[in-house]
Amino acid sequence: AGFTPMLSFAYPYGNNNTTIQGLVSAAGHSNARTVTPGYNTKATNKFALKGQSVEVGTSFETVKAWIDAAVAGHTWLVLIFHPVDGSGNQYGTTPAELTQIVNYLKDHNVNVMPVKDVVPLMH
């Protein structure tokens, strides 16, 4: 059994700069995500992708507003999830909350794609 190379990278604690971005690229990754809140376009630096972190205090209304803004603006929203459990961890999400988000995406026919399929569409 071989191993599958990791093409996407998430900067630990979001720490990055152009030097680190270059090292991640040189290591063979095709993209990397920061913890900078925001949305991405075709022109976004593939090694400085923005995202929105869904944490224990993030309401469904907030996530819904992020999704609606991305759809309205024709941008790419990266939702960041850490543990999906009932632990109450600061960065956690419950399975029920994740289900609510997934159902909203499905019910509103939002195009959901993995990073590996979106990055090749970027400049």
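Lysine 116 is exposed, with a relative accessible area of 57%. Here exposed means over 50% relative accessible area, buried means under 20%, and partly exposed lies in between (1.4 Å probe, protein chains only). Lysine 116 forms a salt bridge with aspartate 117. Their closest N and O atoms are 3.1 Å apart. Aspartate 117 is partly exposed, at 33% relative accessible area.

This is a predicted model: local features need pLDDT of at least 70, side-chain atom pairs count only at pLDDT 80 or more, and totals for chains, interfaces and linings use all residues. Residues are numbered from 1 along each chain as its sequence is written, and side-chain values use heavy atoms, with hydrogens and water left out.

Back to the charges. Side chains of opposite charge can pair when their charged atoms come close. A salt bridge is a side-chain nitrogen of Lys or Arg within 4 Å of a carboxyl oxygen of Asp or Glu. By this rule the count is two salt bridges. One of them joins the side chains of lysine 64 and glutamate 61, at 3.5 Å from N to O. These two residues are three apart in helix H2, so about one helical turn separates them. Lysine 64 is partly exposed, with a relative accessible area of 24%.

Now follow helix H2 to its neighbor. Helices (H or I, at least four residues) and strands (E, at least two) are DSSP runs, numbered from the N terminus. Two packed helices are described by the angle between their axes and the distance between the axes. Helix H2 spans residues 60–73, and helix H3 spans residues 95–107. They pack at an angle of about 30°, with their axes 11 Å apart. Axes are lines fitted to C-alpha atoms, for helices over the stretch in contact, and angles run from 0 to 180 degrees between N-to-C directions. H2 and H3 are therefore roughly parallel to each other. Angles under 35 degrees count as roughly parallel.

Which residues in H2 and H3 meet? From H2 come Phe60, Val63, Lys64, Ile67 and Asp68. From H3 come Gln100, Ile101, Tyr104 and Leu105. Contact means heavy atoms within 4.5 Å. By class, this contact has six nonpolar, one polar and two charged residues. Ala, Val, Leu, Ile, Met, Phe, Trp, Tyr, Cys and Pro count as nonpolar, Asp, Glu, Lys and Arg as charged, and the others, Gly among them, as polar.

Next come two threonines in loops. Threonine 93 sits in the loop between strand E4 (79–80) and H3. Is threonine 93 buried or exposed? It is buried, with a relative accessible area of 2%. Not counting residues up to four places away in sequence, threonine 93 touches Val54, Phe81, Pro83, Val84, Asp85 and Leu98. Threonine 75 lies in the loop between H2 and E4. Threonine 75 is partly exposed, at 26% relative accessibility. With residues up to four places away in sequence left out, threonine 75 touches Tyr39, Asn40, Thr41, Ala69 and Ala70. Glycine 38 is 37 residues from threonine 75 along the chain, yet their C-alpha atoms are separated by 9.7 Å.

Finally, look at two backbone angles. Tyrosine 13 has a positive phi of about 60°, although it is not a glycine. Tyrosine 13 is in the loop between strand E1 (8–10) and helix H1 (18–26). Its relative accessible area is 79%, so tyrosine 13 is exposed. Asparagine 109 is also not a glycine, and its phi is positive, near 50°. Asparagine 109 is in the loop between H3 and helix H4 (115–118). Asparagine 109 counts as exposed, at 69% relative accessibility.

Notes
Parallel < 35°, antiparallel > 145°, perpendicular 65-115°, else oblique.
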